[in-house]
Amino acid sequence: MADPEFWKLYFETLLEVFTFLALLTGLFGLLIPVFPGLTVMWIATVVYAVIQAVSGNMNWAGWLFFGIITILMVGGNIADNIIIAKHVRDKNVPWSSIIWAFVAGIVVSVFFTPIFGIIASPLGLYLAEWYRLKDKQTAFANTKAWMTGWGWSVAARVGLGVVMIVFWGLWAWL
């Protein structure tokens, strides 16, 4: 057990297993709207990159993959909100109602659980639109657009999350 190669392989394997588990946690967390899954996945790769750099195992390809993962994370976090807002803006919903929905989801998620935030966001939009329009049917149609946008944003985030895992896998195992 005093063999240094054994311990090197042991710790490299442990690092890769923990990084992969963190990436999977972030990926499954993407199903919760207020959980920053892409950011969690990116932080896992930051830790991986720092440990690899400190141990002298980081080369140009590793930095390239880390850069691509960073771009995917930033792009995914921006695209998420754009997709939802676009679906709702297509229904001519004003930004004030959209902001109410985002704020409702965030505030409720902070004080309760993210699951309640999932309910609070569309409910916040529905109430803002019902108050603005005094028409339940249109408010519901606008809320349905919010939910459709949310569904597409989840699909986009999960797709980007899978691509991030693929790039990390290439980085770690090639």
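Helices here are DSSP runs of H or I with at least four residues, and strands are runs of E with at least two, both numbered from the N terminus. This is a predicted model, where local features need pLDDT of at least 70 and side-chain atom pairs count only at pLDDT 80 or more, while totals for chains, interfaces and linings use all residues. Residues are numbered from 1 along each chain as its sequence is written, and side-chain values use heavy atoms, with hydrogens and water left out.

**Stop 1**

Select Leu125, which belongs to helix α5. Is Leu125 buried or exposed? Leu125 is buried, at a relative accessible area of 0%. Buried means under 20% relative accessible area, exposed means over 50%, and partly exposed is in between (1.4 Å probe, protein chains only).

Now show what surrounds Leu125. Not counting residues up to four places away in sequence, Leu125 touches Val88, Val93, Ser97, Ile98, Ala101, Asn142, Thr143 and Trp146. Contact means heavy atoms within 4.5 Å. Next, draw a line from Leu125 to Ile99. The two are 26 residues apart in sequence, and 8.4 Å apart in space, C-alpha to C-alpha.

Stay in helix α5 and pick Ala128. Ala128 is buried too, with a relative accessible area of 15%. Which residues does Ala128 contact, leaving aside its neighbours within four places in sequence? They are Ser97 and Trp100. Trp100 is 28 residues away from Ala128 in sequence, yet their C-alpha atoms are 6.9 Å apart.

**Stop 2: two loops**

Go to Asn92, in the loop between α3 (60-89) and α4 (95-111). Its phi is near 65 degrees, a positive value in a residue other than glycine. Most residues other than glycine have a negative phi, and most peptide bonds are trans. Asn92 is exposed, with 63% relative accessible area.

Move to the loop between α5 (114-133) and α6, and click Lys134. Phi of Lys134 is positive as well, near 60 degrees. Lys134 is exposed, with a relative accessible area of 61%. Lys134 lies over the face of Tyr131, at 4.2 Å from the ring centre. A charge sits over a ring if NZ of Lys or CZ of Arg is within 6 Å of the ring centre and within 35 degrees of the ring normal.

**Stop 3: helix against helix**

Colour α1 (residues 4-29) and α6 (residues 136-173). They pack at an angle of about 170 degrees, with their axes 10 Å apart. That makes α1 roughly antiparallel to α6. Axes are lines fitted to C-alpha atoms, for helices over the stretch in contact, and angles run from 0 to 180 degrees between N-to-C directions. Angles under 35 degrees count as roughly parallel, over 145 as roughly antiparallel, 65 to 115 as roughly perpendicular, and the rest as oblique.

Show the side chains where they meet. From α1 come Glu16, Thr19, Phe20, Leu23, Leu24 and Leu27. From α6 come Val158, Gly161, Val162, Ile165, Trp168, Ala172 and Trp173. By class, this contact has 10 nonpolar, 2 polar and 1 charged residues. Ala, Val, Leu, Ile, Met, Phe, Trp, Tyr, Cys and Pro count as nonpolar, Asp, Glu, Lys and Arg as charged, and the others, Gly among them, as polar.

**Stop 4: helix α2**

Select Met41, in helix α2 (residues 37-54). Met41 is buried, with 0% relative accessible area. Beyond its neighbours within four places in sequence, Met41 is in contact with Leu23, Gly26, Leu27, Leu30, Gly161, Met164 and Ile165.

Ile43 is partly exposed, at 44%. Its C-alpha atom is separated by 9.0 Å from that of Leu23, 20 residues apart along the chain.

**Stop 5: the rings**

How many aromatic pairs does a search of the whole structure find? The search finds 16. Take Phe112 and Phe116: their ring centres are 5.9 Å apart and their planes are at 70 degrees, so the pair is edge-to-face. Rings of Phe, Tyr and Trp (its six-membered ring) pair if their centres lie within 6.5 Å; planes under 30 degrees apart count as stacked, over 60 as edge-to-face and the rest as tilted. Phe112 is exposed at 56% relative accessibility, and Phe116 is partly exposed at 46%.

Finish by selecting Phe20, Trp42, Tyr48, Trp63, Phe66, Trp168, Trp171 and Trp173, which form one aromatic cluster.
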